[in-house]
Amino acid sequence: MNTFPLTLAQTEDLAQKFPTPFHLYDEAGIRDNARRLIKAFSIFPDFREFFAVKAAPNPFLLKILAAEGLGADCSSLAELRLCEAVGLRGDRVMFTSNETPDEEFREARRLGAIINLDDITHIDALVAATGSLPETLCFRYNPGPLKAGNAIIGHPEEAKYGLTREQLFAAYARAGELGVRKFGLHTMVVSNELDEQYHIETARMLFELAVEIHRRLGIRMAFINTGGGIGIPYRPEQKAVNYETIARGARKLYDDIIVPAGLDPLAYNMECGRAITGPYGWLVTRAIRRKDTYRSYIGVDASMANLMRPGLYGAYHHITVLGKENAPATKTYDVVGSLCENCDKFAIQRELPEIAMGDLLVIHDTGAHGHAMGYNYNGKTRSAELLLRPDGSVIQIRRAETLDDLFATLDLESVSDFR
Ligand SMILES: *Cc1c(COP(=O)(O)O)cnc(C)c1O
């Protein structure tokens, strides 16, 4: 787990200018992480990571990642627009969506994004929406009971995503007949998985399938995409995934499966979100209330509007009390937000140092699926996002929402005349 990069005094200074709660991202950490990933996978003839935009849809972060050579994986109109805003287009953008509206297919084509279809019927839907098929097309494979999922993503056969095995063969054949020239094969079968072997086995599954598609249909894959799903160590006792272990394991399978089949070079792609920015973001919040009833509660100024994962999945996020990093954990608290929802808890029965009102709490690993997932229930507004630059300065990369933002879709003037 990464330590929070600012001291208590620095954070108090920052909070003068940007009131809590706020998310803070560490640019140097994100850049270094992206470089380590690319270096590990440079043993493939062609590798690209497409950052899953939904994990942290902030154009400043996207621009940093684009500068490091990453592409972007989008699944909505808004995400495509963010890519365009930072100059990502063409084959730097993957469009992996499901139940895709026509408008989004059109936008993806306009940007020249690589389209990853989620169903065999989407071949015709794409033609109907855009008038033609692109030169490159990818399909998302759902292995169903052939592959075990994990707790967050569930069993593949219960997932709404992707084509079955037989549909996949039919889809490539059909796309080939309709003039598609370049093909990709995609899957996403796991989420937040820390076991390197699991990711290597996903590569094996796609390598073997690429060989079989070539054998049965004569279609040669230009790339495979193993999806996202590399986990991060949310808990102190967990260990970060070793990118080199995955890359070396997958490279060995590439040599065993792809090279002898004459399918080398085959590009190796993935679209991780969590692993790229997750450990380099923190939610900073202040303790504002304390109550002792059947349990001891610390009320903070953040809520599920800022971070849903604990409430939504019971996810663990480590919490540090700033300035009390080395103090003994003598208390047991539920750390809670202010929503009228009992799941609005950042920590349940967590052992922590004694917390005083006004203390700053740092919630770790909020750099992916953190701010992005926030919602406005109870009329709570989402926080600002701040970026710690490599030179030590801090800039605001998204301001906090205001009540005006919240009411922007309402006409409060006309309601006064409404009877
Ligand atoms: C969410 C998602 C990702 C990113 O998942 P992480 O767990 O953040 O790595 C990648 N691809 C697709 C299709 C997704 O839906």
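The legends below describe close-up views of a predicted model. Local features are given where pLDDT is at least 70 and side-chain atom pairs where pLDDT is 80 or more, whereas totals for chains, interfaces and linings use all residues. Residues are numbered from 1 along each chain as its sequence is written, and side-chain values use heavy atoms, with hydrogens and water left out.

**View 1. The residues around the ligand.** The ligand has 14 residues around it, of which Lys-54, Gly-229, Glu-271, Arg-274 and His-369 come nearest. A residue is counted as near a molecule if one of its heavy atoms lies within 4 Å of it. By class, the shell holds three nonpolar, six polar and five charged residues. Ala, Val, Leu, Ile, Met, Phe, Trp, Tyr, Cys and Pro count as nonpolar, Asp, Glu, Lys and Arg as charged, and the others, Gly among them, as polar.

View 2. A polar side-chain atom of Glu-271 is 2.7 Å from a ligand nitrogen atom. His-369 also places a polar side-chain atom 2.7 Å from the ligand, here from an oxygen atom. For Arg-274, a backbone N or O atom lies 2.8 Å from an oxygen atom of the ligand. Of the 390 Å² of accessible area that the ligand has on its own, the protein covers 90% (Shrake-Rupley method, 1.4 Å probe).

View 3. The largest pocket is the space taken by the ligand. A pocket is an open set of points on a 1 Å grid over the protein atoms alone, with protein on both sides within 12 Å along at least five of seven lines. A molecule sits in a pocket if more than half of its atoms lie within 2 Å of its grid points. Gly-229 belongs to the loop between strand 8 (221-225) and helix 9 and is buried at 11% relative accessible area. Buried means under 20%, exposed over 50% and partly exposed in between, with a 1.4 Å probe and protein chains only.

View 4. Thr-20 and Pro-21 are joined by a cis peptide bond with omega of about -5 degrees. Pro-21 is in the loop that runs between helix 1 (8-17) and strand 1 (22-26). Helices (H or I, at least four residues) and strands (E, at least two) are DSSP runs numbered from the N terminus. Another cis peptide bond, with omega of about 5 degrees, links Asp-264 to Pro-265. Pro-265 lies in the loop between helix 9 (243-258) and strand 9 (267-270).

View 5. Gln-349 is not a glycine, yet its phi is positive, about 50 degrees. Gln-349 is part of strand 14 (residues 345-352) and is partly exposed at 39% relative accessible area. Asp-365, also other than glycine, has a positive phi near 60 degrees. Asp-365 is in the loop between strand 15 (360-363) and strand 16 (384-388), and its relative accessibility of 3% counts as buried.

**View 6. The side-chain contact of Ser-296 and Asp-292.** Ser-296 lies in strand 11 (residues 296-300) and is buried at 19% relative accessibility. Its side chain makes a polar contact of 2.4 Å with the side chain of Asp-292. A polar contact is a pair of N or O atoms within 3.5 Å; within protein, one must be able to donate a hydrogen and the other to accept it, and residues adjacent in sequence count only if both atoms are side-chain atoms.

Key:
1 Å grid on protein atoms, 1.4 Å probe; cavity = no way out; pocket = protein on both sides within 12 Å on 5 of 7 lines; lining within 4 Å.
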